[in-house]
Amino acid sequence: RAFGRRQLVYSGNDWAADTALKFQRAPALVRKLAMIVTDRLETLVLRLAEVRLVNSPQLFEKCRRLGGISERVRPVSRFHLVDAFAREDSCQGETVRVVYPAAIIPRKNHATLLRAVALLRARGIEVELLLAGAAESERVLAELLGLAGELGIANHVRFLGYLADKDAMRALLRGADVFVLPSLNEGFPRVVWEAMLQSLPCAVSRIPNIVADIGQRDVALMFDPLDAEDMATALARIVTEGDLRRRLICDGHAYAREVFAEGWDEQLARVLREWA
């Protein structure tokens, strides 16, 4: 506005919520101050924008309270409707391949997932965990590798690194049996929709922005992301209950096709036309 231009902001996650997780090991006062600073900075940026495009239900409500024009859009995705893959069932091999594509950072909650996989294997369920994502640091990656070793599952966890190629990600999802998302906080993770588009049964965190989007649709099992036992139980149900698994695949795929019926670029173009 200072330069006489109309401002548009696209934002995914709630900054203050992310900061709370980033500073979770810091002293309480430091954490509170960091949350206040980021919340006010985010509010300033949002107030400056004439139009706000957001994908987080929580952030959308915050924008509405600020007045002005706010539009809820879905997250940017490399996938389109033509990438859809239909199948009736999964988990047909001796080993169940559980996939989690996400950056290896604390809020993505890989540690609890490793504990859940150890519980599954203790129950006699043969599980291989596929983790695709760049690590925030060597220290974070080393801690997870160490934890996998302590839990006795190091040979059943594969760290694949970041998959920049869409074809590689599509092949990873199509080659898996179950999708899991144990995040502690998300705007709304596009990978859930992408997994459903590839006909994967999904188990996801019961956190506000996910509940707000798919909580009433019953297209995924939900669990407490802080409870490895609850997470393991949700995954075990998908593996062992065939009727449930096939329904999740069918209903999730149908929902994803609705989501991807309009491409993200098409959605953005429509919003911009309406704004103009």
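In what order do the three strands of the open sheet stand, and is their pairing parallel or antiparallel? The order is E1-E2-E3, and the pairing is parallel; strands here are DSSP runs (E, at least two residues), helices likewise (H or I, at least four), numbered from the N terminus. Two strands pair if DSSP finds at least two bridges between them. Strand E1 (8-11) and strand E3 (69-72) are at the edges with a single partner strand each, so one side of each lacks a neighbour in the sheet.

Before I continue, please note that this is a predicted model, in which local features need pLDDT of at least 70 and side-chain atom pairs pLDDT 80 or more, while totals for chains, interfaces and linings use all residues. Residues are numbered from 1 along each chain as its sequence is written, and side-chain values use heavy atoms, without hydrogens and water.

Strand E2 (residues 51-54) pairs with E3 over four bridges, and arginine 52 stands opposite serine 70 in E3.

I turn now to aspartate 213, in helix H8 (residues 208-214). With 12% relative accessibility, aspartate 213 counts as buried, that is, under 20% relative accessible area with a 1.4 Å probe, protein chains only. Leaving aside residues up to four places away in sequence, aspartate 213 touches Arg72, Phe188, Trp193 and Tyr255, where contact means heavy atoms within 4.5 Å.

Finally, helix H6 (residues 166-174) has Met169, Arg170, Leu172 and Leu173 as its buried residues. Viewed down the axis of H6, these fall within an arc of 160°, so they line one face of the helix; the arc is taken from the directions from the helix axis to the C-beta atoms.

Notes: Buried < 20%, exposed > 50% of the residue type's maximum accessible area, 1.4 Å probe, protein only.
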